[in-house]
Amino acid sequence: MSKKPNPTSIGLFFVVGLVLCVAGLLVFSSRSLFHPQQKCILYFNASLKGLNPGAPVKVRGVTVGSVVEILIRHNQATNDFSMPVVIAIDKKLAQTKSDELLRIGDQASLEQLIRQGFRGQLDSESLVTGVLYVGLDFVPGAHTPSLHQIKHEFIEIPTVPSQIQQLLANLSQVDVHGLSENVNRLVVRLDDSLGQLDVQAINTGVTNLLASANRMVTTADLTNSFAALRMTLDQAGTLLKRVDGRVDPLADSVTNAIYEAQKTLADLRVVIQSVSALIGPDSAIPSDLRQALEDLGNAGREVADLAEFLHRNPSSLLTGRQHRKE
């Protein structure tokens with residue numbers, strides 16, 4: 001007889017299985033439970049090769065979310081062939097990247113940012129690997145966005161072409177065929193112009209020019225001129241050395257004369273000061289010398305008076321001085 005199953009074991013098995021299921025759900029959905037996310041959609045008019053689910057979403061290079069889903073078409077017009085990409089912005093992660101309150105995950109605030117030029121574009125993680133990510137940034141002078149959703153399902157962030165896409169678009173507008181034809185015509189004209197040149201005559205002229213230059217350089221007159229110039233320069237050098245040898249003694253003599261003149265002037269200044277002190281009104285001149293000088297002054301005045309009298313009366317020398325009668 002088979003053994004009857006134990007109800008306790010069966011119940012314990014189901015309880016353990018249920019606990020494991022709940023734990024798995026918590027592990028795999030913990031990010032969504034504890035990190036609220038804002039889903040947005042972007043439509044790219046370009047190939048999405050290199051962009052994979054889970055690729056980062058960055059605001060000016062700072063990761064704030066990830067790519068959730070890449071679609072071919074979703075909620076768009078039949079003649080709209082843009083490629084939709086659904087992203088999720090991690091509100092808590094975005095908030096940890098700033099010390100101010102960011103509302104990038106809030107619908108109303110995000111729509112306001114879009115009106116201010118907030119746009120999305122595809123950027124390359126590496127030009128070697130070609131891995132892409134979704135970049136979000138403010139585009140100066142961004143045009144009014146054209147939305148792709150027929151009915152509102154997600155917040156739609158308008159997109160702009162990346163720099164690589166713009167470069168490829170500009171290259172695609174280049175008329176390569178016309179450019180090639182212009183280059184070919186230029187080469188043909190250059191070949192015709194070179195063909196019309198008389199290369200032999202040019203070669204002969206250049207050869208004659210070089211020969212004439214060689215003859216001129218090797219002439220005796222030019223050689224003698226260089227020799228005479230060298231001799232003149234040598235003589236000038238010798239003269240400069242002689243002048244330089246005589247300038248220093250001459251300068252020393254002039255310096256000595258100036259020094260002696262300064263010394264003589266200093267001695268003369270002392271003598272003048274002594275004489276000034278001697279003949280000044282407050283000088284201590286001996287009384288006899290002072291009396292003699294006064295007598296000499298009086299005699300001088302008498303001589304002056306006599307000369308003036310004789311000038312007025314020249315006949316007095318013969319008749320003598322006449323006294324007045326009283």
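Q: In which strand is the place of Asp-90?

A: Helices (H or I, at least four residues) and strands (E, at least two) are DSSP runs, numbered from the N terminus. Asp-90 has its place in strand β4. The model is predicted: local features need pLDDT of at least 70, side-chain atom pairs count only at pLDDT 80 or more, and totals for chains, interfaces and linings use all residues. Residues are numbered from 1 along each chain as its sequence is written, and side-chain values use heavy atoms, with hydrogens and water left out.

Q: Is Asp-90 buried or exposed?

A: Buried means under 20% relative accessible area, exposed over 50%, and partly exposed in between (1.4 Å probe, protein chains only). Asp-90 counts as buried because its relative accessible area is 1%.

Q: Which residues other than glycine have a positive phi?

A: Among them are Arg-60, with a phi of about 55°, and Asn-75, also with a phi of about 55°. Arg-60 lies in the loop between β2 (56-59) and β3 (62-70), while Asn-75 is found in the loop between β3 and β4 (83-90).

Q: Are Arg-60 and Asn-75 buried or exposed?

A: Arg-60 is exposed because its relative accessibility is 60%. Asn-75 is buried because its relative accessibility is 16%.

Q: Where is Val-206 found, and why does Val-206 count as partly exposed?

A: Val-206 is found in helix α6. Val-206 counts as partly exposed because its relative accessibility is 43%.
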